[in-house]
Amino acid sequence: PDAAKSDHHKKLLKLNIPVYNGIEDFYRDGNTSDLAVISSPIHFHIEQSCTALNNGSQVLCDKPLGATVQEVDKLIETKNITGNWVMTGYQWSYSQAVRNLKRDIILGHFGKPLRLKTLCMWGRDDIYFNRNDWAGRKQTENGIWILDSPVNNAMAHFLHNMFYILGQKMDSSSVPFSVSAECLRANPIENFDTCCCRILDENDTELLFFGTHVSEKDSGPLFHFEFEDASVFYGGEYDGITAVYKSGLTKNYGAPDNDHQFKKLFIAIENTVCDDPEIVCGPEAARSQTLCINGIQESVKEIQTFPENILMRDTVRNRYMVSGIDSVLLNCYHKGLLLSETGIEWAQKGREIDLKEYGFFPGGNPPE
């Protein structure tokens with residue numbers, strides 16, 4: 001955000017490499033680029049990606065693709081008009097372990113998908129929430145949607161992954177048709193730091209996600225994907241993604257993080273010089289996560305604050321925690337229940353949001 005504070009700034013200037021304050025300034029100055037890598041705050045992703053596309057660049061955009069589904073649709077339209085490509089930086093989608101698992105699912109090795117569950121508990125301190133002016137925010141001061149949350153930032157990979165592995169093609173994702181969510185916060189932020197949700201996709205498969213930034217200990221990501229003929233596990237007692245067939249046979253796919261962190265970048269660079277580029281995770285595939293996030297935000301009219309009697313403050317790590325939230329969410333994960341379904345008195349059930357024709361946040365449809 002501040003080039004002059006970078007350790008590399010003086011070196012770049014010494015090499016006569018220009019540094020611009022905005023992507024528009026770069027192109028306006030007559031420069032071109034084969035590939036634009038967009039790794040800016042959420043609410044700049046779509047605008048900057050469209051600028052790059054319109055100026056002849058291919059695009060690798062960080063996750064999540066955008067804050068709202070209408071922005072994603074604008075990016076897809078711009079991509080189609082320009083004839084250039086966009087890839088989204090969900091690095092699990094580029095890992096060999098996930099791609100091999102996805103291929104076996106498409107081939108029907110596990111039978112019909114029944115229910116997918118994912119859990120992630122990563123504590124975050126004051127520095128995390130105060131590192132910029134948009135962390136934990138719903139909107140900017142001038143009303144631009146951000147929708148920053150665990151599920152739309154640090155853990156966005158794992159929500160997207162459930163849609164992605166259920167896509168009927170290697171470059172597609174399953175589409176959510178409905179979602180109901182329960183969202184709470186312990187930190188003094190605008191949006192939530194804890195969430196659980198139930199999603200039904202286009203094939204009526206149930207997807208459950210549980211995530212928090214106010215756990216006492218860090219855990220996850222864990223997942224348990226249930227199919228007719230097998231279950232697929234990751235995390236906990238399982239070293240790597242492991243399929244356990246009802247026959248007793250097992251198959252290990254390795255861990256998603258075995259590949260280089262920037263494999264997505266290497267593939268994007270290769271694609272710029274390839275006659276037939278392989279678009280691993282395009283905006284159409286990434287759209288499902290953004291659509292689901294919009295539904296989650298619509299499901300909860302008002303973000304709850306955890307009761308004071310279970311709020312804790314870790315003065316060593318400078319972060320908020322919620323007493324017992326680790327075991328509560330783990331129990332929900334294993335039983336496939338949302339918080340309100342366990343009888344916890346402070347949990348409030350969210351509305352079920354129909355996403356079948358949803359094309360505009362908020363409200364589902366553009367205002368007339």
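## Buried cysteines

A residue is called buried when its relative accessible area is under 20%, exposed when that area is over 50%, and partly exposed in between, with a 1.4 Å probe and protein chains only. In this predicted model, local features need pLDDT of at least 70 and side-chain atom pairs count only at pLDDT 80 or more, while totals for chains, interfaces and linings use all residues. Residues are numbered from 1 along each chain as its sequence is written, and side-chain values use heavy atoms, with hydrogens and water left out.

Cysteine 196 has 0% relative accessibility and therefore counts as buried, and cysteine 281, at 0% relative accessibility, counts as buried too.

## Two packed helices

Helices are DSSP runs (H or I, at least four residues), numbered from the N terminus. Helix H4 (residues 69-82) packs against helix H9 (residues 283-299) at an angle of about 165°, and their axes, which are lines fitted to C-alpha atoms over the stretch in contact, with angles running from 0 to 180 degrees between N-to-C directions, lie 9 Å apart. H4 is therefore roughly antiparallel to H9, a term for angles over 145 degrees.

The contact (heavy atoms within 4.5 Å) involves residues including Val69, Leu75 and Ile76 of H4 and Pro283, Arg287 and Leu291 of H9.

Key
Parallel < 35°, antiparallel > 145°, perpendicular 65-115°, else oblique.
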